[in-house]
Amino acid sequence: MSYIEVNGLRKSFVVRKKREKGKLFREKDTVEALKGVSFSVEKGELVGYIGPNGAGKSTTVKILSGILTPDGGEALVGGRVPWRERREYVKHIGVVFGQRSQLWWDVPIIDSFSLLKDIYRIPSAEYEKRLGELKEALGLNDIMRTPLRLLSLGQRMRAELCGSLLHRPELLFLDEPTIGLDAVSKIALRDFLKWENSEHGTTIMLTTHDMEDIAALCSRVMVLGHGQKLFDGRLPDLLEKFDTVRTVNVKYGAAVPSVSFPEGVSASWTDNELSLTYSPAKLPTAQLLLLLQEAGPISEMTLQPENIDHLIAAMYKEMDL
Amino acid sequence: MRGYFSVFRMRLRMELQYRGAMIGGILCQMFFGIVLVALYRALYAGKPQALPIEAVTTYVWLQQAFFRMLVSTDPDLLDKIRSGNISYDLCRPVNIYWFYYSRIAAQKLMGSLMRGIPMLVFAFLLPKGWGLSLPASAPGLLLGLLALIFGFLCMCALENISMGFTMRTLDPRGIQGMLGLLMMTFSGNLLPLTLFPDSWQKVITVLPYAQLMDAPIRLYSGIYAPQEAPRILAVQIVWTFVLITAGICLWNANKKRLIVQGG
């Protein structure tokens, strides 16, 4: 059996709307956040969980971290049902909510950490060792005695991550951990997660809107939309399915007589420069290169895959999300 | 226990940071104390009551000194519930009721000690008939302190019940406004319970609110004789048990219908 086994998980919320003019009662809407989601995750996997806003990603994380009780379905993580054996279960997991804070606002972060030490009953020697390791890996040495409110967002997120990992969880949930971070902080965070995963074998489940996070970290990706799982597999496979268009820019050394391209290729010329988009599925790249080379002496050339965000947007559109 | 004690300690320390609020609170409670005492003196000048004026002023000053224990709310806790940051506390290996109970206890204890001690010193220094009298007897003082401990446990339990309701209504103002009014009236903060008609007192003194401050004050000032203490304490213990049980049930029920705000 896998480490995480989720079967037909369902959860709905009631949303009360403002009363319409002329009506006596407010309308109620039931929003089905999860409509029977199933998946399994092996120990030590690093899984990305993506989907548009409101797809049910955070709801899944909250159910699997024991906070919410689902309406139906089953989930077993390491042999435990999260919402039934909450107190015992949560000792073994760590959670980071990217837009929330677990550390105390007015006190130095080291004090918040020692509170967590007591809450998780981490032995002192073990705590010192782990804190030293995390401090080093997350670059927290200079800010341990600074109150949380004086830290930048990037520093704060690193401190949050440290707080969630002090008790050496087997499983770490990250709900949009890179939200609002700058490029340097994002890269540092990703490097750290990779390190934690390979060094300690921590299973990581990550929700994000930043496709770079997924590309850099996750060997496997699950796509969720309208409360259903739409894709589960490797990121390259996902991209291949939707990666329809690529852009090529070619600069020729001399004037070139116009080239005729097969259907489906759109080309535009500016002097000696050609910019075209094509679909590798219809026209193999090797064949295109041959065409381009025959046309004249190439002095410069760039080939770009389509922006990953556009791809995902196209995919959401195709999946009707 | 370590986790609960640790959060208690942390909240104590946080309370120490609000020194400006402490000074403001002391001045405000002193002002209220003096105004109330002047009011009762005027009342007594017109129509003396059975209860001596010294007992009334003592009652007023003790109420004012521990006002912060009676009426205070942890703004951070409310904020957690409103914003959904409570998620983090829900994924800790602790019992959420006792975890918050510890927080509330720390805030109420530190807040009222910081304000109460200077206030009591001030009230002792006031002239007779205006200030705080010495306890009626040594057993009266000890029994009063013991009763104050149970009163304190009840206050924290009541506060945790109002937190539990806030989990449902999201805005604390309604429930706090209602409970606050009951609390101010029936705890004797607005008007000493000793001045209510005797027939009313029979009912009022067994309500939970009378256990908070009224029972300890009466033991302190000898209105309840030390022989009556076992009965008084028994009522307090029953209420402590009932209020804590009710709070635990409320929080357990909340867990089943929980929604996390803000995505």
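Visitor: In which sense do strands β3 and β7 of chain A pair, and over how many bridges?

Guide: Bear in mind this is a predicted model. In it, β3 (residues 46-50) and β7 (residues 203-207) of chain A run parallel, with four bridges between them.

Visitor: OK, and which residue stands opposite V47(A)?

Guide: That's M205(A), in β7(A).

Visitor: What's the strand order in the sheet they belong to?

Guide: It goes β5-β6-β7-β3-β8-β9 in chain A, an open sheet of six strands with mixed pairing. β5 (93-97) and β9 (228-233) of chain A are at the edges with a single partner strand each, so one side of each has no neighbour in the sheet. From one strand to the next, the twist averages 15 degrees.

Visitor: Which strands does helix α5 of chain A touch?

Guide: Helix α5 (residues 153-165) of chain A packs on the sheet against β5 and β6 (171-175) of chain A. Its direction makes about 160 degrees with that of β5(A).

Visitor: What is F113(A) in contact with, beyond its neighbours within four places in sequence?

Guide: Its contacts there are L103(A), Y127(A), L131(A), M144(A), A159(A), C162(A), G163(A) and L166(A).

Technical notes. Residues numbered from 1 in each chain as written. Chains lettered and ligands numbered in written order. Predicted model: local features only at pLDDT ≥ 70, side-chain atom pairs only at ≥ 80, totals over all residues. Heavy atoms only, no water. Pairing = 2+ DSSP bridges. Helix = DSSP H or I, 4+ residues; strand = E, 2+ residues; numbered from the N terminus. Axes fitted to C-alpha atoms, helices over the stretch in contact; angles between N-to-C directions. Contact = heavy atoms within 4.5 Å.
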